[in-house]
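Morning, everyone. Please have the sequence and the 3D view open while I talk.

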Amino acid sequence: MIDVQRLRVLRAVAEHGSFNKAAGALLLTPSAVSQQIAALERTLGHPVAVRSTRGITLTAAGRLLVEAAETISAELDQVRHEIDRLTGDRPRLTVATFASGGRHLLPGALSRFVAAHPEVELTVLEGEPETALPMVRTGTADLALAYHFDGPPPVPAGGRSGLDWTPLMEDPLWLVLPRGHRLADRPSLGPAELSGDRWVLGCLKTETFLRRYAELAGFGLQVAASTTDYFFAQSLVAAGVGVSLVPEVALAPGPGLVAVRVAAPRPARHIGVATARRRRPRPYTEALASALTAAAAGAAAADAAPEPGAGR
């Protein structure tokens with residue numbers, strides 16, 4: 001039988017790339033780490049790590065074991081959380097979410113969920129997908145509301161990530177201009193038509209898209225301000241600082257703003273729910289995921305597309 005503690009040591013070696021650094025992280029001696037890896041190899045009957053002058057390289061067997069160790073660690077963390085819940089006064093559910101998606105979808109979903117399950121104590125943690133998804137994988141959060149831009153989802157179908165991905169809705173990007181801008185009455189615009197404008201950035205990911213677009217279109221991106229908040233970015237646009245690129249769920253109506261469609265091919269964020277792939281039933285997690293699906297369907301039906309000049 002493979003020892004779980006030895007898998008933990010192998011994970012640390014893979015993460016840090018050396019026995020010495022892994023030993024420091026685990027508060028062990030390098031000799032103890034080496035002995036644990038040797039014992040693991042004897043049990044398995046195959047080498048799991050190869051030493052070289054450049055550090056430690058995992059064998060194919062070692063990489064498979066690290067993937068299994070991550071899944072086992074997440075399962076044990078989840079069991080510990082379940083035990084804590086059983087011994088606590090109330091069941092608990094933790095949701096990780098990015099800000100604009102949480103603002104758009106969580107209130108309706110949580111209202112539905114709380115009405116059906118008033119006994120559950122909810123915790124909402126804010127985080128971008130690169131933070132939220134590992135929280136679900138390790139059991140720190142029960143599910144995550146996350147997104148990705150055009151391309152494959154952040155949770156590969158059938159992969160060894162230990163997560164499942166449920167698509168919820170498309171979130172197209174809009175150009176946000178100050179009212180009175182020379183192009184504010186256009187039904188749609190390509191970002192290249194704003195090549196002479198200064199930009200207000202509301203997110204690192206939209207900045208990446210804009211810089212790639214500008215490079216392909218052959219113009220330099222002039223940045224007036226960079227923020228990590230779409231709503232703050234739009235207040236700067238209204239003040240005349242520049243123009244911005246904003247996802248639909250983060251559009252903030254205001255008298256000083258005009259939202260204009262991005263011309264085809266129109267970029268979009270794809271919003272979904274990530275949950276851990278567990279063997280045991282998780283009725284509260286499944287209930288909240290269903291409530292988010294219903295909230296997304298309701299939002300899609302209720303949200304009329306903003307008309308040019310509507311200041312949405």
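One definition before we start. Buried means under 20% relative accessible area, exposed means over 50%, and partly exposed lies in between. Take Glu-121: its relative accessible area is 33%, so Glu-121 counts as partly exposed. Keep those cut-offs in mind. And remember that this is a predicted model.

Now the overall picture. The chain has 312 residues, and 46% of them count as buried. Its secondary structure comes to 9 helices and 12 strands. What about contacts along the sequence? Take the contacts between residues at least 6 apart: 72% of them join residues at least 24 apart.

Next, helix 7. Helix 7 covers residues 204-217.

Which residues of helix 7 are buried? They are Thr-206, Glu-207, Phe-209, Leu-210 and Ala-214. Look down the helix axis. An α-helix has 3.6 residues a turn, so residues three or four places apart point the same way. On the other side of helix 7, Leu-204, Glu-215 and Leu-216 are exposed.

What do the buried residues of helix 7 pack against? Strand 5 (143-149), strand 8 (198-201), helix 8 (230-238) and strand 10 (244-247).

Let's zoom in on one of them. Ala-214 sits in helix 7. Its relative accessible area is 3%, under the 20% cut-off, so Ala-214 is buried. Leave aside its neighbours within four places in sequence, and Ala-214 is in contact with Phe-219 and Leu-221. Ala-214 and Ser-195 are 19 residues apart in sequence, and their C-alpha atoms are 8.0 Å apart in space. Just after the helix comes Gly-218, with a positive phi of about 80°.

Leu-27 has a phi near 60°, and Leu-27 is not a glycine. Most residues other than glycine have a negative phi. Where is Leu-27? In the loop between helix 2 (19-26) and helix 3 (30-44). Leu-27 is exposed, because its relative accessible area is 77% and the cut-off is over 50%.

Now for a contrast. Thr-285 lies in helix 9, residues 283-302. Is Thr-285 buried or exposed? Buried, with a relative accessible area of 5%. Setting aside neighbours within four places in sequence, Thr-285 is in contact with Leu-93, Asp-142, Leu-143 and Thr-275.

On to salt bridges. How many does the structure hold? It holds 8.

Start with Arg-92 and Glu-121. Their side chains meet in a salt bridge, 3.9 Å from N to O. This pair links distant parts of the chain: Arg-92 is in strand 3 (residues 92-97), Glu-121 is in strand 4 (residues 121-126), and they are 29 residues apart. Arg-92 is partly exposed, at 36% relative accessible area. You already know Glu-121, at 33%.

Next, Glu-128 and Lys-205. Their side chains meet in a salt bridge at 3.2 Å, N to O. This pair also links distant parts of the chain. Glu-128 is in the loop between strand 4 and helix 6 (129-138), Lys-205 is in helix 7, and they are 77 residues apart. Glu-128 is partly exposed at 28%, and Lys-205 is partly exposed at 24%.

Then Glu-193 and Arg-186. Their closest N and O atoms are 2.8 Å apart, and the two form a salt bridge. Glu-193 is partly exposed at 36%, and Arg-186 is partly exposed at 29%. Back to Lys-205 for a moment: salt bridges that share partners join Glu-128, Glu-130 and Lys-205 into one network.

Last stop, the surface. Val-4, Ile-72 and Leu-76 form a nonpolar patch there, with about 230 Å² of accessible area together. Val-4 is in helix 1, residues 4-16. Val-4 has a relative accessible area of 43%, so Val-4 is partly exposed.

That's my tour. Questions, please.

Technical notes. Residues are numbered from 1 along each chain as its sequence is written. This is a predicted model: local features need pLDDT of at least 70, side-chain atom pairs count only at pLDDT 80 or more; totals for chains, interfaces and linings use all residues. Side-chain values use heavy atoms; hydrogens and water are left out. Patches are made of residues with over 30% relative accessible area and no salt bridge: like charges are joined within 9 Å, nonpolar side chains (Val, Leu, Ile, Met, Phe, Trp, Tyr) within 5 Å. Accessible areas come from the Shrake-Rupley method with a 1.4 Å probe; for residues, only the protein chains shown count as cover. A salt bridge is a side-chain nitrogen of Lys or Arg within 4 Å of a carboxyl oxygen of Asp or Glu. Helices (H or I, at least four residues) and strands (E, at least two) are DSSP runs, numbered from the N terminus. Buried means under 20% relative accessible area, exposed over 50%, partly exposed in between (1.4 Å probe, protein chains only). Contact means heavy atoms within 4.5 Å. The expected span of a helix is 1.5 Å times one less than its number of residues.
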